[in-house]
Amino acid sequence: AENSNSLAFFNNVKSLNRELLENAFPLIPKNKPARMKAAKYFKYILDNYPTYYGNQNAADMLKIADTFSFVIGESTPKKQKLKMYLEAWGKNDPLHDMEKDEFNGGYGESLVEKNIENSGSLSFEDQAHLEYMIASLYFELNDNQNATKFYKRFLECQKKKSSEGFDRRVEKDIKLYDSDKKSILHREIKQNKINDAYFKLGSLQFQDNQLEESKNNLEHFITKSMTSDPDKIFLANQILGDMYLNLKNYDKALNYYQKALTINAITFNQKNPILYKMGLTFYRLNDYEKAIERLKQVNGTGEYGKFNAACLFYTSKSYQLLGDDENSLEIFKRIRDRFPQSDEDLAATFEIAKYNFKKGLYDEAYSQLSKSGQGNNAKSDFSIKTLLNNPMDRFLKNEFIVVDEILAQPDSKVEDIGLLYNLANVFTAKKEYEKAIDVYTLMTSNPLTIHQMGAKRDQLYFDMAKIWAENG
């Protein structure tokens with residue numbers, strides 16, 4: 001056969017193809033010898049005569065695609081499997097073109113009549129299975145747009161299948177659905193497939209910022225799910241908690257986070273992001289004691305350690321807002337040791353500079369000069385002048401810093417004019433004019449302060465000129 005390109009060879013291939021499909025496929029995944037023989041044969045044809053599969057009808061193409069997925073799936077590239085399923089989907093025109101809701105409830109007739117000329121068209125459940133497999137492969141290949149499209153199509157099939165009067169409508173249009181064909185077990189529209197589709201569709205919509213649709217699908221998944229997969233239930237609750245946290249609906253956020261924490265099969269390491277988000281939620285509710293309680297439980301390792309620095313920052317802020325400056329300062333300084341040059345380190349430095357200003361330690365707040373012979377001095381320098389040596393984006397994109405607290409924009413509605421302006425005013429009032437001029441020079445030359453002041457930076461030059469004029 002390998003040396004033959006004759007028509008007889010391809011006729012034999014077609015005959016063998018049919019025989020293997022009929023004998024092996026209905027027994028998947030039970031009859032191992034038959035299914036492995038079929039899989040090896042299909043692989044041989046794919047490698048040597050890849051265009052041959054283009055001649056199959058939709059039903060046979062779906063059988064071949066399923067054989068690759070369920071028998072030798074690990075050795076078949078995902079893109080290759082997807083291509084086969086899409087071939088079957090493309091050949092099933094009478095069904096996959098149903099975009100106008102032929103059945104609109106009750107026991108009515110179909111609104112659109114279609115004639116199916118070849119017996120290879122798919123049954124309703126086979127169509128649903130096909131679209132589920134396509135969606136799953138797109139999902140695994142990170143093609144979120146197409147995965148979303150086909151998960152929606154699958155769920156529409158499921159809704160039609162479960163609608164009242166569906167079976168009687170099918171009987172009246174047996175040509176359309178070919179319902180006399182019995183669906184193979186793994187193709188049936190079962191609850192585990194439905195649950196998986198709702199979960200993944202909701203997750204994809206959350207990533208795409210389709211929050212209302214995501215919320216509806218994930219809540220449906222949690223409400224209806226009988227799945228034994230605790231990871232999915234955990235993640236669904238986590239996503240819903242995150243969604244309500246972003247929407248500032250803190251009570252609902254806490255409700256979903258608490259549900260996630262009750263899932264026993266999840267490791268403590270996996271729960272670290274939930275504990276952090278709960279602490280953050282309590283912080284935003286001004287319940288600082290509960291915030292500290294949750295944040296202190298966070299100690300993730302590996303990929304789950306990404307919230308450790310943020311936990312320290314909000315723990316310190318909570319102590320600060322409770323009036324416990326000693327614990328607050330100790331934790332802010334600890335961030336420098338454990339997470340140097342992180343966003344949290346920059347924010348902690350600024351918090352310490354503000355604290356020093358509040359306590360009247362103006363020189364330390366503005367510029368803590370290096371001491372000769374102390375190589376460790378960089379660790380103890382928490383001044384605003386040194387902090388502003390960092391690139392402007394490190395401040396503008398830092399979720400832990402309110403930039404107006406460094407230097408308020410002239411048109412902003414904040415009450416405080418910012419630490420730098422406050423320092424300039426204090427040094428001027430204390431008649432420490434060189435220091436005042438140094439602060440003004442920083443405000444007129446640093447990229448961040450220029451960004452904050454905009455066209456009204458001229459006011460700063462006027463203030464500097466006034467100091468020079470009045471004090472020689």
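Two residues are in contact when heavy atoms of theirs lie within 4.5 Å. The model is a predicted one, in which local features need pLDDT of at least 70, side-chain atom pairs count only at pLDDT 80 or more, and totals for chains, interfaces and linings use all residues. Residues are numbered from 1 along each chain as its sequence is written, and side-chain values use heavy atoms, with hydrogens and water left out.

L280 sits in helix α14 (residues 268–284); helices here are DSSP runs of H or I with at least four residues, numbered from the N terminus. With a relative accessible area of 5%, L280 is buried. Buried means under 20% relative accessible area, exposed means over 50%, and partly exposed is what falls in between (1.4 Å probe, protein chains only). L280 and K290 are 10 residues apart in sequence, and their C-alpha atoms are 9.8 Å apart in space.

Not counting residues up to four places away in sequence, D345 touches I335, R336, F339 and P340.

Next come the helix pairs. Helix α6 (residues 124–140) packs against helix α10 (residues 191–207) at an angle of about 40°, and their axes are 11 Å apart. Axes are lines fitted to C-alpha atoms, for helices over the stretch in contact, and angles run from 0 to 180 degrees between N-to-C directions. The two helices, α6 and α10, are therefore oblique to each other: angles under 35 degrees count as roughly parallel, over 145 as roughly antiparallel, 65 to 115 as roughly perpendicular, and the rest as oblique. α6 passes α10 in a left-handed crossing, meaning that the near helix is turned anticlockwise from the far one by less than a right angle (clockwise would be right-handed). At this contact, H129, Y132 and F139 in α6 meet K193, D196, K200 and L204 in α10. The residues involved split into three nonpolar, one polar and three charged. Here Ala, Val, Leu, Ile, Met, Phe, Trp, Tyr, Cys and Pro count as nonpolar, Asp, Glu, Lys and Arg as charged, and the others, Gly among them, as polar.

α10 also packs with helix α12 (residues 230–246), at an angle of about 30° and with axes 11 Å apart. α10 passes α12 in a left-handed crossing. D196, F199, S203 and F206 in α10 meet K232, L235, A236, I239, D242 and M243 in α12, and the contact divides into six nonpolar, one polar and three charged residues.

Then there are the rings. Rings of Phe, Tyr and Trp (its six-membered ring) pair if their centres lie within 6.5 Å; planes under 30 degrees apart are stacked, over 60 edge-to-face, and the rest tilted. The count comes to 17 aromatic pairs. One of them is Y132 with Y151, edge-to-face at 6.4 Å centre to centre and 70° between the planes. This pair links distant parts of the chain, with Y132 in helix α6 and Y151 in helix α7 (residues 144–162), 19 residues apart. Y132 is buried at 11% relative accessible area, and Y151 is buried at 0%. F139 and Y151 also pair edge-to-face, at 6.4 Å and 70°. F139, at 25% relative accessibility, is partly exposed. Elsewhere, ring pairs link Y283, Y288, F313, Y314, F332 and F400 into a cluster.
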